[in-house]
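Look at the model below.

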Amino acid sequence: MSKTSFRQRIQESINNETLQIALDNNTERRLKGRAVAFQSIPNLDERRQRAHAVRADVIEHLDEYLAQFISKSEDNGVIVHRAKDAAEAIQITLNVARQTSARLIAKSKSMVSEEIELNHALEKEGIQVIETDLGEYIVQLRHERPSHIITPAAHLRKEQVGELFQEKLGIPYTTDIPTLTATARKVLREVFIKADIGLSGVNFGVAETGGICLVTNEGNGRMVTTLPPVHIALMGMERIVPNLDDLALMLSLLPRSATGQKLTVYTQLLHKPFKNQQRHIILLDNGRTRLKNSPLKESLYCIRCGACLNACPVFRELSGHAYIGSDLSIAPYPGPIGSVISPGLLGENYVQLAQASSLCGACKEVCPVDIDLPKLLTRVRADMSPSLSGRRAAGEGGAGLSPATKFGLQIFARVATHPMLYAASQKFAALGTFLFAPFSQWLRLPAFTSWGYSKDFPRFAGKSFRERFSNKSAEGESADWSNSKSVKSGSAILHSNTRPLSDVQFINELTALGGLVHSDQNPTLAVIQLLKSRGVDKIHLEPNTLDEIILRAAGIEFTRQPDPQILVGVTNAICGLADTGSVLIVDGAGDPLKASLLPEIHIAILKSADIFPSLPDAMHLVKNISAAVFITGPSRTADIEMTLTIGVHGPKEIHVFLT
Ligand code: SF4
């Protein structure tokens, strides 16, 4: 079965009312959130072009950057493996699992693991793998693949999740999203603590430092990289950036494009393994070298933000599960980018996906690294994916088409791959529709098409899809992610006219995300007051953070050891970021990274003088640090019906005491 089945699947998606409602919820809100988030950075176009140039340079000189990355990682004490294909990557993972006698793996979201079908292979060997991202956990319980690269359960409604949790986790049926989220938190907390291996993906590897960067909102990424004695990071070998400045550039684009956030809640930078921990990085090729040497090379610039999926008018009707290969398997990567890289990496089976595009250009318009997706899609359609390169080289592209069709496709490819020509063609077509609409009764063409029997010319839309899409993006309605419930500070905040501008901006940003900012000359007394108000008498405390004599005198016990029973963790913040309301926590004595992760409440002590304007100004602080995290608000998710829910795996509250 090939195209017929693909078409049937498309029809089923369109007819599925529940799916259509779920999709509308997800994609609309994501697009609006993205538009609002980009209003806060200047020179977006210039930034996109810079990001494009960085990605182009990396792919052009991939071997050199990889050699630098591997050498630095190994200097950092990380064990680096290279896997030429899925089988090798699976075998390396199995070897590590065997050497460490692992039976349970806690996994955070990794599209590469979907690409190589890792879970299935590990489970066949008797190793239990549990997904810990809420959306991934839901689809795993349903024995499904993720339907979106950012929101894996975007195709489901809360009623379906309620039924699932009732059946699989034994809780009473509920559609209350905070209750469903709290249930997952409780179940998965045990998994994090017991897991023998934590397995994660990688958002970026930094050649200059050998470090890896992971971004997650829920805190599960931090749990799986921090708690288990072994951490395996699975990384597509193209996910390199040259240095920390380039990383800061990518991080200004990725979360804004993916979830409409200025910065993801947890932006981790991991250089060295933690004490008593082994870290492995598996660098996967699996067709990437072939893709690099093909006309689809530009697809390797992708930073997996998922924006092109949300923008695509076809994906918005279908969802990821309709993107199937000719063998009926669901493609690991759906949507516009998936329709290029699924055939590019995995072969001819997925070439038909490129038909699921109107080539309207919306995907290119939203892409933060300015990938020319319409051009790449037309190349896949013209049989130019690397898996078909033999045919292309032999001049067989488009075999089976009549000369007239080939000529028509050539003209179309030319127009579709030149945005200005394409925009002009849309205006021309719109004008034609407008002029001919009054004569539609006489213009039916029964002799040529069945369409002509039953349909009039469509109503004149006035504006092309591109124009409507651009206007919509510019309207800038706020989304849940970027403009969540603001929570008032429990302590005094100094009046804004008495504070430096950076402090005011920091306070506003963090408060808008649901964080609490307190201002006090003596943070120890203020923290004691907060602890007493919550009935807390034991905390996990980083050394040199509060006055320990005063704490003892007030009857507050403290420990340096992580303990999941402790409700409050107190750490220093090395710096704050004014434009995102983030604080930087770094690894060190007293385990501040765990103190800011395991407890329900995280308290950070920040000197007002240490607030920097934005992320690029603070990158030098993490260069020689073994591990660090920028925290931007409390742990959160929107994996069920895009409803913002606070406190998934990480702390539910973050309090910053400004001194
Ligand atoms: S192609 Fe561009 S928009 Fe699509 S996921 Fe990749 S980076 Fe994002």
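Ala, Val, Leu, Ile, Met, Phe, Trp, Tyr, Cys and Pro count as nonpolar, Asp, Glu, Lys and Arg as charged, and the others, Gly among them, as polar. By that scheme, the shell around the ligand has ten nonpolar residues, one polar and one charged. A residue belongs near the molecule if one of its heavy atoms lies within 4 Å of it. The residues around the ligand are C302, I303, R304, C305, G306, C308, I337, C367, P368, V369, I371 and L373.

The model is predicted: local features need pLDDT of at least 70, side-chain atom pairs count only at pLDDT 80 or more, and totals for chains, interfaces and linings use all residues. Residues are numbered from 1 along each chain as its sequence is written, and side-chain values use heavy atoms, with hydrogens and water left out.

Now the cavities. On a 1 Å grid over the protein atoms alone, a cavity is a set of points where a 1.4 Å probe fits but cannot get out, and its lining residues have an atom within 4 Å of a point. Points are joined across faces, edges and corners, and a volume is the space filled by probe spheres set on them. The whole structure holds seven cavities of 30 Å³ or more.

Where does the ligand sit among them? The ligand takes the space of the second largest cavity. Sitting there requires more than half of its atoms to lie within 2 Å of the grid points. This second largest cavity has about 90 Å³ of space. Its lining has 13 residues, with C302, C305, C308, C367 and P368 nearest the centre. Eleven lining residues are nonpolar, one is polar and one is charged.

The largest cavity has about 630 Å³ of space. It is lined by 39 residues, and K109, I149, I150, N203 and V215 are the closest to its centre. Its lining divides into 16 nonpolar, 13 polar and ten charged residues. Helix α12 gives the most, with four residues. Helices (H or I, at least four residues) and strands (E, at least two) are DSSP runs, numbered from the N terminus.

Last, the sheet. Two strands pair if DSSP finds at least two bridges between them. Eight strands form an open, mixed sheet in the order β8-β5-β6-β9-β19-β16-β15-β18. Strands β9 (266–270) and β19 (627–631) run antiparallel, joined by five bridges. Y266 has I631 of β19 as its bridge partner.

Notes
On a 1 Å grid over the protein atoms alone, a cavity is a set of points where a 1.4 Å probe fits but cannot get out, and a pocket is an open set with protein on both sides within 12 Å along at least five of seven lines; lining residues have an atom within 4 Å of a point.
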